[in-house]
Amino acid sequence: TRDAGRAYGFEALLFVNADVTGGSKYAIAGTATATSIVYEVVLIDDATNAFTIVDRQTALAGASGQASTTAGLSRITGTIVVNAAGTLTVQFAQNAASLTSSVLVNSTFTVTAID
């Protein structure tokens with residue numbers, strides 16, 4: 001639960017295995033009401049060491065997706081100011097209907113008060 005009227009920084013480090021057709025899609029969402037939010041979604045492909053997602057979002061549940069990386073690390077960093085308390089979560093899904101794409105165990109999501 002997040003407190004109303006506060007600012008928070010957050011970071012998700014997600015180890016991802018994705019189906020080549022289904023890919024992967026990421027967002028930050030939750031039940032908190034955001035006065036403002038900005039976050040960057042970056043996905044680095046393990047095989048090529050190239051970025052397959054570099055995308056900034058400025059709304060809760062704004063999604064960033066791809067369908068080429070099958071193994072990689074997604075890093076989502078940002079800040080949020082909330083005016084109504086609630087939860088903050090990482091959303092993950094396949095970018096297109098397909099077999100299985102998943103976030104692996106030992107992935108993390110950290111939220112820290114910054115004011």
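**Exercise 1. Give the order of secondary structure elements along the chain, and count the helices and strands.**

Step 1. Read along the sequence, the pattern is β-β-β-β-β-β-β-β-β.
Step 2. The count is 0 helices and 9 strands. Helices (H or I, at least four residues) and strands (E, at least two) are DSSP runs, numbered from the N terminus.
Step 3. Note the source. This is a predicted model, in which local features need pLDDT of at least 70 and side-chain atom pairs count only at pLDDT 80 or more, while totals for chains, interfaces and linings use all residues. Residues are numbered from 1 along each chain as its sequence is written, and side-chain values use heavy atoms, with hydrogens and water left out.

**Exercise 2. Count the aromatic pairs, then describe the one formed by Tyr-26 and Phe-92.**

Step 1. Set the rule. Rings of Phe, Tyr and Trp (its six-membered ring) pair if their centres lie within 6.5 Å; planes under 30 degrees apart count as stacked, over 60 as edge-to-face and the rest as tilted.
Step 2. The whole structure holds 3 aromatic pairs.
Step 3. Tyr-26 and Phe-92 form a tilted pair, at 5.6 Å centre to centre and 55 degrees between the planes. Tyr-26 lies in strand β2 (residues 24-29) and Phe-92 in strand β7 (residues 89-93), so the pair ties together parts 66 residues apart in sequence.
Step 4. Check the burial. Buried means under 20% relative accessible area, exposed over 50%, partly exposed in between (1.4 Å probe, protein chains only). Tyr-26 is buried at 1%. Phe-92 is partly exposed at 26%.
Step 5. Look for a cluster. Ring pairs link Phe-10, Tyr-39 and Phe-109.

**Exercise 3. Locate the salt bridges and say which elements they link.**

Step 1. Side chains of opposite charge can pair when their charged atoms come close. The rule asks for a side-chain nitrogen of Lys or Arg within 4 Å of a carboxyl oxygen of Asp or Glu. The count is 2.
Step 2. Arg-75 pairs with Glu-11, with the closest N and O atoms 2.7 Å apart. Arg-75 is partly exposed at 43%, and Glu-11 is partly exposed at 27%.
Step 3. Glu-40 and Arg-56 meet at 3.2 Å, N to O. This pair links Glu-40 in strand β3 (residues 33-45) to Arg-56 in strand β4 (residues 51-57), 16 residues apart. Arg-56 is exposed at 58%.

**Exercise 4. Which residues other than glycine have a positive phi, and where do they sit?**

Step 1. Recall the background: most residues other than glycine have a negative phi.
Step 2. Asn-49 has a positive phi of about 60 degrees. Asn-49 sits in the loop between β3 and β4 and is exposed at 62%.
Step 3. Ala-61 has a positive phi near 70 degrees. Ala-61 belongs to the loop between β4 and β5 (64-66) and is partly exposed at 44%.

**Exercise 5. Compare the radius of gyration with the globule rule, then describe the chain as a whole.**

Step 1. The radius is taken over C-alpha atoms; the rule is 2.2 Å times the number of residues to the power 0.38. For 115 residues a compact globule would have a value near 13 Å, and the chain's 14 Å agrees.
Step 2. Along the principal axes, the C-alpha atoms fill a box of roughly 40 × 25 × 25 Å.
Step 3. Buried residues make up 33% of the 115 residues.
Step 4. Take contacts (heavy atoms within 4.5 Å). Among those between residues at least 6 apart in sequence, 78% join residues at least 24 apart.
Step 5. The chain exposes about 5800 Å², and carbon and sulfur atoms supply 54% of it. Areas come from the Shrake-Rupley method with a 1.4 Å probe; for residues, only the protein chains shown count as cover.
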